[in-house]
Structures are given as structure tokens and as C-alpha cells.
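The sequence and structure are shown first.

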Amino acid sequence: MRIDGVFSGGGLKGFALVGAVQELESQGYQFEQVAGTSAGAIVASFLAAGYTADEIGELLAEEDFQALLDPRKTLLPFPFMKWVSLYWRMGLYQGKALEDWFFDKLARKGCYAFGDLPSGSLKLVASDLTNGKMMVLPDDLDQYGYDPDKFSIAKALRMSCGIPYFFEPVRLDAPKGTIVVDGGVLSNFPMWLFDDNKSKKRPVIGLKLSRRQEDMPGRTIHNALQLFEALFSTMKNAHDEKYISREHEQNIVFIPVDDYSATQFDMTEEQMEELLTIGRNRTKQFLRTWSPNRLHLVSHRNVI
């Protein structure tokens with residue numbers, strides 16, 4: 001069956017998304033259109049380029065993720081200099097190695113720019129901090145003076161995956177020198193991207209790296225760091241949770257991966273396999289009760 005897919009952000013926890021797609025593919029589902037943020041953008045882009053879930057798993061398993069962390073060289077070899085660089089560069093790592101890795105893997109499938117893909121088959125989310133708005137790539141690129149068909153998918157991925165303060169933000173040569181960071185700042189699970197398609201003929205399945213909202217424990221806030229974490233988490237999830245609360249949840253696979261870190265670039269093979277297994281098992285449970293026909297009825301009723 002042909003379906004559309006939406007993938008949430010979550011950094012290195014995104015291995016669970018790959019496991020979920022493996023289960024979907026093993027049961028005969030194939031993606032026609034895909035969308036995602038951050039880690040979800042990576043999975044979506046590789047699927048759009050023609051990779052299978054097993055192939056994506058192999059690419060990730062063979063990669064040394066720590067090699068993708070590329071701090072800028074400083075004139076003075078003192079530890080505090082990285083914090084000076086953080087102040088001026090706004091990120092600990094350049095992100096160039098990450099973008100080069102995206103480019104290499106997509107080039108293997110002959111995909112360089114959005115024009116190499118079928119129109120509308122891939123949508124990624126990034127955050128334009130300069131103008132205070134969400135960016136949907138490639139749809140919004142013409143507003144910044146770029147030809148969407150010629151824009152690098154690897155560059156778009158770098159924008160969608162730019163974890164604030166971790167990677168340096170992307171600077172676009174647009175008015176004001178636009179600063180772009182991780183799409184998860186504004187929409188970590190862009191299920192709404194396919195909501196306006198009145199002629200939707202395929203079911204949409206969302207893969208979300210979290211528990212259901214009602215199953216999430218309350219946060220413990222005793223200090224400024226915990227307050228910042230709570231603020232950021234609330235900010236990035238509020239828009240999406242509001243959408244999910246208005247819609248039926250039967251087309252979303254919730255994958256709880258709270259015990260794993262989004263920035264654990266030294267993740268072991270055992271931890272990777274654990275995440276893959278969680279994704280596969282959660283999706284298997286989901287498919288036991290999921291009804292594409294029921295989803296179609298809900299979609300048509302919403303359009304009417």
C-alpha cells in the first residue's frame with residue numbers, strides 16, 4: 001500500500017524511526033510523500049532519494065558520528081576558547097562535516113537538489129530566527145531568493161538539523177543575512193504539512209519520538225537548567241501537540257525513547273539496536289489495530 005509519512009525530530013534517537021520504517025516496509029507499505037524535522041528530515045530525505053529502511057540502517061550503523069562533530073580551529077589551544085567561539089559563531093560545531101555526509105549519501109542515489117525528486121515528494125522544516133517564522137523547504141525558498149528546484153537537499157537537511165548552540169546556524173544570503181536553525185524549535189512533528197491537501201488519496205502515518213501527551217510525566221523544575229530545558233521542550237512541542245489534540249491519534253505511532261539522548265554521538269551498537277527494536281515493536285503494535293479505511297473517512301469528513 002502507498003502511504004505518506006511524517007517523521008519527528010529527536011537527534012540520535014532517530015534510529016527508532018528507522019526501525020519503525022523497517023516494520024512498515026516489511027508489511028508492504030511504501031512511502032509516496034514524506035516530511036520531517038531534524039532527525040525525521042534525514043529519514044524522510046533518504047526515503048525520498050530511494051533508500052530502503054534497511055539501507056538507511058546500514059548507512060547509520062557504519063558511520064562514526066563523532067567524526068561529524070567539527071569544531072573550528074582556534075589560534076590558542078585553550079579549552080575556554082571553544083566557549084569564546086560559541087559566543088561569536090553561535091555553535092560548538094561548524095556542521096560542514098554533517099552537510100558533506102548528507103551530500104555524499106544522497107549523491108549515491110543521484111539526488112543533489114529538490115529538482116531531482118518528484119514535485120511535492122519531500123518537505124522539511126527549519127526555523128528562520130531572523131524573521132521569526134517557520135520555513136517549509138523547498139516550498140518557501142523562493143521567498144528568500146532561491147530557486148527551489150536548484151537548492152541543495154543536503155543544505156536543507158543541515159538547516160533542519162541545526163540544533164541551537166550545538167551546531168552553528170546556517171546563514172542564508174537573503175535580506176538581513178537570515179539565520180536558520182533546527183526546525184524542531186518551531187515544529188518538531190509537522191503532521192500538519194499534509195493537512196491542506198484537499199485531494200489526499202493516501203493515508204498519512206506519523207512517526208513521533210515521544211509518548212502520548214497524556215502519558216508524559218510532569219517535569220521536575222528546581223533550578224535554572226531544568227527551567228531552560230522545560231521552556232525549550234514546551235516551546236518546540238506546543239504547536240504540534242495542539243494540532244494532535246484536535247485530530248484523531250489513530251494514524252500516529254508514538255515511540256517512547258525518553259531514556260536516550262538526542263546528542264549522544266558516541267552511541268554504542270547495542271544502543272542503536274535497542275532503538276531500532278523499539279521502533280519496530282511500537283509500529284508492529286500500531287499496525288495491529290490501524291485501519292486505513294477509517295482514516296480515509298476521517299480525512300474526507302474534515303474536507304467537507
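## Residue Q22

In this predicted model, Q22 lies in helix α1, which spans residues 15–26. The relative accessible area of Q22 is 14%; because this is under 20%, Q22 counts as buried.

The side chain of Q22 makes a polar contact of 3.1 Å with the side chain of D54. When residues up to four places away in sequence are not counted, Q22 touches A53, D54, L276 and R280.

## Nonpolar cores

In soluble globular proteins, nonpolar side chains tend to be buried together. The largest nonpolar core of this model has 71 residues. The members that touch the most other members are F7, F114, L137, M159, L172 and L207.

L207 is in contact with V6, F7, S8, L17, A20, V21, L24, F189 and V253, leaving aside neighbours within four places in sequence. Another core, of 13 residues, lies apart from the largest one and includes V6, V125, V136 and W192.

## The chain as a whole

The protein chain contains nine helices and 10 strands. Of its 304 residues, 50% count as buried. The accessible surface of the chain comes to about 15300 Å², and carbon and sulfur atoms account for 52% of that area.

How many of the contacts between residues at least 6 apart in sequence join residues at least 24 apart? In the protein chain, the share is 77%.

Key
Residues are numbered from 1 along each chain as its sequence is written. This is a predicted model: local features need pLDDT of at least 70, side-chain atom pairs count only at pLDDT 80 or more; totals for chains, interfaces and linings use all residues. Side-chain values use heavy atoms; hydrogens and water are left out. Helices (H or I, at least four residues) and strands (E, at least two) are DSSP runs, numbered from the N terminus. Buried means under 20% relative accessible area, exposed over 50%, partly exposed in between (1.4 Å probe, protein chains only). A polar contact is a pair of N or O atoms within 3.5 Å; within protein, one must be able to donate a hydrogen and the other to accept it, and residues adjacent in sequence count only if both atoms are side-chain atoms. Contact means heavy atoms within 4.5 Å. A nonpolar core is a set of buried Ala, Val, Leu, Ile, Met, Phe, Trp, Tyr and Cys residues joined through side-chain atoms within 4.5 Å. Accessible areas come from the Shrake-Rupley method with a 1.4 Å probe; for residues, only the protein chains shown count as cover.
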